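Reader: Could you take me on a close look at the metal site, and then at what surrounds the other ligand? I'd be glad of one connected walk through it.

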Amino acid sequence: MSPWTFHSAGSLIFGRGTVEQLGAVVDRLRAKRVFVVTDEILVAAKLADAVTAPLVGKTVEVFTGCKPEPPLEIIRQAVAAAREFKPDVVIGLGGGSNMDTAKLVALVLAHGGEPTDYVGDCKVPGPVLPLICVPTTAGTGSEVFSLDVSTTTEKKIKVSCLSPYLRPAVALVDPLLTMGCPKTVTADSGIDALTHAIEAFTAIDQATFLKRPPGGETVYQGKNPMADLMAAEAITLVSRFLRRAVADGKDLAAREGMALAATLGGLAFANAGVALVHAMEYPVGGAVHVSHGAGNGLLLPYVMRYNMSVRSQEFANIALFMDAAEIAADDSVNAPRAIEAVENLRADIGIPTRLRDLGVTEAMLPGFAEKAFSIKRLMRVNPRFPASADEILGIYRMAY
Ligand SMILES: NC(=O)c1ccc[n+]([C@@H]2O[C@H](COP(=O)([O-])OP(=O)(O)OC[C@H]3O[C@@H](n4cnc5c(N)ncnc54)[C@H](O)[C@@H]3O)[C@@H](O)[C@H]2O)c1
Ligand SMILES: [Zn+2]
């Protein structure tokens, strides 16, 4: 086994009602001026109140302008408001979109410049403002991760900053905050969590990963035993609870199961990495209106089919985690059942199955394939390698 390390948020607080600990959490960070980054929907849902109520004795400003799949313009507005306020801690409250916006606020306030100055791997020069992430969806795992994703309107593609310095100081995961999450967001973010766990669990092993181009400093490492454990549990939990959470948002056990699944999936991919599904979703999400989770959920079984020949043992295990296979059966029998299990789940929760249904045209596919092919940091994690631009185009055509 090659050596490995494991990273998380500075501390992880999980459980019902833990949002009430936020005052103490902020005190431990020795902070007095708290900038909360969120959106109008979460204000109306009283979740912003739930976060600010425990901040007794602190000066608090709430930025409510966040939007899903954060456009650069909104990030700039959040940064401008924070510059004016001069916080000593930033809280990201919401789904991945708001938590990612908060990360960029904490980054730009610490180091200046423009959010786009830090796009790429390990471009952040040092620690950012202390950051607390409080998810209200169960999916992205952004609360324990070191990545920030935003959409550039100029290039019509999502870009990301990956840096160890973007890991939040504190991840506070209170499943009660996800109870009002709408059906579609629950489904989309839930299948994103599954995608994280499956891509981490089937990632290339670390020794091979390190030999692959482009090399250089990166926060990903390829598959490792700790990430495997987290991914396996995340897949099991999603398979057990996602249908329930979508069918009945008030099913607390299902919400709690999904909150844990999302955080564990985040921990798995934050260390192992995500791969071809995410690389292929970025151009789609930049070009047509689809959430990150739904785009991933749509593409996931197609990419699994492409990768199956080199990861049959892992696929067979995924089928077992999802209760879709017999323990006694051969890997070659069980591996395809993982794909069927994902397809069944995707259908049951209403994720689209064809790119054409999202407004993608056939003429867009070659451009998507070129863009996905160029995201080398994700390709490098994929178990089947190198995926050529032609092969990627082939997968898009199947998904079309
Ligand atoms: N940084 C990372 O590690 C990472 C990983 C995966 C995805 N992402 C990014 O995260 C984004 C997607 O995040 P998401 O799936 O969490 O959704 P989201 O943050 O885009 O939220 C979608 C909508 O749901 C609403 N919402 C969220 N929680 C709610 C609640 N409890 N009650 C009522 N409404 C609620 C929000 O107001 C928003 O309008 C994408 O931009 C994606 O690229 C980031
Ligand atoms: Zn994702």
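Author: Along the chain, the donors of the zinc ion (ligand 2) are spaced D-x3-H-x81-H-x13-H; donors here are N, O and S atoms within 2.8 Å of the metal (3.2 Å for Na, K and Ca), and water is not among the atoms, so sites may look incomplete. This is a predicted model, in which local features need pLDDT of at least 70 and side-chain atom pairs count only at pLDDT 80 or more, while totals for chains, interfaces and linings use all residues. Residues are numbered from 1 along each chain as its sequence is written, chains are lettered from A and ligands numbered from 1 in the order in which they are written, and side-chain values use heavy atoms, with hydrogens and water left out.

The residues behind that spacing are Asp192 (OD), His196 (NE2), His278 (NE2) and His292 (NE2), which coordinate the zinc ion at 2.1 to 2.3 Å. The arrangement is irregular because the four donor atoms subtend angles of 86 to 162 degrees. For comparison, four donors count as tetrahedral if all angles lie between 85 and 135 degrees; four count as square planar and six as octahedral if opposite donors are over 155 degrees apart and all others between 65 and 115; anything else is irregular.

His196 sits in helix 6 and His292 in helix 11 (residues 292-307), so this pair, 96 residues apart, links distant parts of the chain; helices (H or I, at least four residues) and strands (E, at least two) are DSSP runs, numbered from the N terminus. Both His196 and His292 are buried, that is, under 20% relative accessible area (1.4 Å probe, protein chains only).

Helix 6 takes us on to ligand 1, since it gives four residues, the largest share of the shell there. Of the 29 residues around ligand 1, Asp39, Gly96, Ser97, Thr136 and Thr137 come nearest; to belong, a residue needs a heavy atom within 4 Å.

Now for the nitrogen atoms of ligand 1. A polar side-chain atom of Thr136 lies 2.8 Å from one nitrogen atom, and a side-chain N or O atom of Ser142 is 3.3 Å from a nitrogen atom. From the backbone, an N or O atom of Leu147 lies 3.1 Å from a nitrogen atom. These are polar contacts, pairs of N or O atoms within 3.5 Å. Taken alone, ligand 1 exposes 870 Å², and the protein buries 93% of that, with areas from the Shrake-Rupley method and a 1.4 Å probe.

How values were computed. A polar contact is a pair of N or O atoms within 3.5 Å; within protein, one must be able to donate a hydrogen and the other to accept it, and residues adjacent in sequence count only if both atoms are side-chain atoms. Buried means under 20% relative accessible area, exposed over 50%, partly exposed in between (1.4 Å probe, protein chains only).
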